[in-house]
Amino acid sequence: MPRGIPVTRSLVFVLKSGDVVVDWGDGRVQDVLQGEFRPYDESDYGRPATDSDLEHLKNNGRIEAYDAYMVYIRTLPEVPSKTID
């Protein structure tokens, strides 16, 4: 079994801007290549991630593996949390 964080492939997609992101379901997505979080609106959706997109991320060391159903993402930065002042 591949290492990495297993994510359903449908949650990994390409925005209209061309960035491959993962949707963690909190109204934000995370750029898989850069690790940055950004707000997400459904109108930002571009297309499903292709094998070519995922192979590029694998070659850049951002994902471990993928198949027709899952993407195994290497560790990404965690969601920033608010601190109490």
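The model is predicted, so local features need pLDDT of at least 70 and side-chain atom pairs count only at pLDDT 80 or more, while totals for chains, interfaces and linings use all residues. Residues are numbered from 1 along each chain as its sequence is written, and side-chain values use heavy atoms, with hydrogens and water left out.

Five strands form an open, antiparallel sheet in the order 5-4-3-2-6. Strand 5 (37-39) and strand 6 stand at the edges with a single partner strand each, so one side of each has no neighbour in the sheet. From one strand to the next the twist averages 45 degrees, an angle between N-to-C directions on a scale from 0 to 180 degrees, with axes fitted as lines to C-alpha atoms. Two strands are said to pair if DSSP finds at least two bridges between them. Strands of a sheet pair through backbone hydrogen bonds, either parallel or antiparallel.

Next, select strand 2 (12-15) and strand 3 (20-23). Three bridges join these antiparallel strands, and Val 14 stands opposite Val 20 in strand 3. The two strands form a hairpin with four residues between them, and Gly 18 in the turn has a positive phi of about 100 degrees.

Continue to strand 4 (residues 28-31), which pairs with strand 3 in the antiparallel sense over three bridges. The bridge partner of Val 22 in strand 4 is Gln 30. This hairpin also has four residues between its strands, and Gly 25 takes a positive phi near 85 degrees.

Stay on strand 3 and display its side chains. Val 20 and Val 22 on one side, and Val 21 and Asp 23 on the other, are all buried, meaning under 20% relative accessible area, where exposed is over 50% and partly exposed lies in between (1.4 Å probe, protein chains only).

Strand 2 and strand 6 pair antiparallel over three bridges, and Pro 48 in strand 6 is the bridge partner of Phe 13.

**Helix 1**

Now select residues 51-59, helix 1, whose buried residues are Asp 53, Leu 54 and Leu 57. Seen down the helix axis, these fall within an arc of 95 degrees, so they line one face; the arc is that of the directions from the axis to the C-beta atoms. The face turned away carries the exposed residues Ser 52 and Asn 59.

**The cores**

Select Val 12, Leu 54, Ile 63 and Ile 73, the residues with the most contacts inside the largest nonpolar core, which has 13 residues. Strand 2, strand 3, helix 1 and strand 8 each supply at least two residues of this core. A second, separate core of five residues includes Phe 13, Leu 15, Val 21 and Tyr 40. A nonpolar core is a set of buried Ala, Val, Leu, Ile, Met, Phe, Trp, Tyr and Cys residues joined through side-chain atoms within 4.5 Å.

**Arg 9**

Finish at Arg 9, in the loop between strand 1 (5-8) and strand 2. Arg 9 is buried, with a relative accessible area of 14%. Leaving aside neighbours within four places in sequence, its contacts include Asp 51, Leu 54, Tyr 66 and Asp 67, contact meaning heavy atoms within 4.5 Å.
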